[in-house]
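Have a look at the model on the screen, and I'll walk you through a few spots in it.

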Amino acid sequence: MAGTLYTYPGNFRAYKVLIAAQFSGAKVNLASDFVFGETNKSEAFLKKFPLGKVPAFETADGKCLTESNAIAYHVSNEQLRGKTDFEKAEVLSFLSFADSELLPAVHAWVFPILGIVQYQKNTVERAKQDVKAALEALNARLLRQTFLVGERLTLADVVVFATLLSAYENAFDPSFRAPFGSVTRWFTTVLNQPQVKAVVQNFSLCAKVAEIDPKKFAEFQAKTGGAAAQSQKKEKEKKPQPAPAKKEPKAPEPAEELDACEQALAEEPKSKDPFDALPKGTFNFDDFKRFYSNEDESKSVPYFWEKFDPENYSIWYGEYKYPEELTKVFMSCNLITGMFQRLDKMRKQAFASVCLFGEDNNSTISGVWVWRGKELAFTLSPDWQVDYEVYDWKQLDPKAEETKQLVAQYFSWTGADKGGRKFNQGKVFK
């Protein structure tokens, strides 16, 4: 199964298709020369896709398909579509739920925040209530299961996840998310799937909802109006036109207006990497992580010290504060994995090896972390502050022999903790 997808960058509707293709293995190529507002208005495009809407999909043998849910379904495999007739029906019900219940309310709330549509208090308040009602239904279902349909991820998860992306990024702050813990757990689980991360990049959960600023709407109107004027000017330059009779300007079609709004949403500047304000230094995390992954510790530990830049990077020891609460080993390991998932945005500028020592009902968690900068990195972003306070943190002296021993121990997963508990298992943050 192969084909070409026409869309603009960051289109959440296209994400459905691209994520589904990542899971199914379908070969979906993005049209490299697509320009929204030009390509989709061309005669050649409209001949294939008469409505001029995106995303649009053309198969390798020339068949054309529109509507993002249909395209995503086409590139999916049996697991994504549902293995039984009932599962297939459930998947389709969630696709309908996403479009009819979630999407109108999400956009009615998010677009005014971004200045894409004018703020109307009653409309936004109604949208919030509609979103809450939908999330309550999702939360009740996800209390009992990991994914929306069956025990594995399906297209239902992909489509609902993509529909909620803009809300989780711009509107769902920690206080709003609090009553919907199961939905947020599900959302972050989907977000951290490798197939999803390959498509959705530079994403951060909303830390604080931006104040409604009428200036943003005025700027957006000026921006889009200017673009329209330039487009009209180009058309006039191509072919001389007789003086037109004076008439009222035609309002944009609803579908065109929505596409323009969604494109503007996709083009909103993403939050900067919190590490960007710190000196870059010479230590290359990608280089070290590749070496560590491909070589034995007898080589990778010396390589670390050879490349490490102590002027601009730091080494930290973190130890879980409440070992008496640790019971089953697998549950303790889940604590480590959960923390790693929530710190995903740190990966580019950090590395860690965290170990569990001991056994059921007698274990500890500790690890050695390396990151860019000389201060505790978790304070750089609210998104990174979920777990770090349950650990005691100590900055290590790169010149000390004790530090070299700890790095060797944790990077090679050997030895015992301070209480003599033997190494059980470890996880690497890279």
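Let's start at Pro55, which lies in the loop between α2 (43-48) and β3 (56-59). Helices here are DSSP runs of H or I with at least four residues, strands are runs of E with at least two, and both are numbered from the N terminus. The peptide bond from Val54 to Pro55 is cis, with omega near 5°.

A word on where this comes from: it is a predicted model, in which local features need pLDDT of at least 70 and side-chain atom pairs count only at pLDDT 80 or more, while totals for chains, interfaces and linings use all residues. Residues are numbered from 1 along each chain as its sequence is written, and side-chain values use heavy atoms, with hydrogens and water left out.

Glu67, in the loop between β4 (64-66) and α3, has a positive phi near 75° without being a glycine. Trp413 also has a positive phi, about 55°, and is found in the loop between α16 (401-412) and β9 (423-429). The cut-offs are under 20% for buried, over 50% for exposed and partly exposed in between, using a 1.4 Å probe and protein chains only.

Next, helix α3 (residues 68-75). Its buried residues are Ser68, Asn69, Ile71, Ala72 and Val75. They cover an arc of only 165° around the axis, so they sit on the same side of α3; that arc is taken from the directions from the helix axis to the C-beta atoms.

Now to the largest nonpolar core, which has 67 residues; Leu138, Phe161, Leu164, Phe172, Trp186 and Val200 touch the most other members. By nonpolar core I mean buried Ala, Val, Leu, Ile, Met, Phe, Trp, Tyr and Cys residues joined through side-chain atoms within 4.5 Å. Which element gives the largest share? That is α5, with 14 residues. A second, separate core of 26 residues includes Trp316, Ile336, Ile365 and Tyr391.

The C-alpha atoms of Leu148 and Leu138 are separated by 8.2 Å.

Finally, the aromatics. The whole structure has 52 aromatic pairs. Rings of Phe, Tyr and Trp (its six-membered ring) pair if their centres lie within 6.5 Å, and planes under 30 degrees apart are stacked, over 60 edge-to-face and the rest tilted. Phe340 and Trp369 are edge-to-face, 5.9 Å centre to centre with 85° between the planes. Phe340 lies in helix α15 (residues 329-342) and Trp369 in strand β7 (residues 362-372), so the pair ties together parts that are 29 residues apart in sequence. Phe340 is buried at 6%, and Trp369 is buried at 2%. Both belong to a cluster linked by ring pairs, with Trp316, Tyr391 and Phe429 among its other members.

Thanks, and I'm happy to go back to any of these spots.
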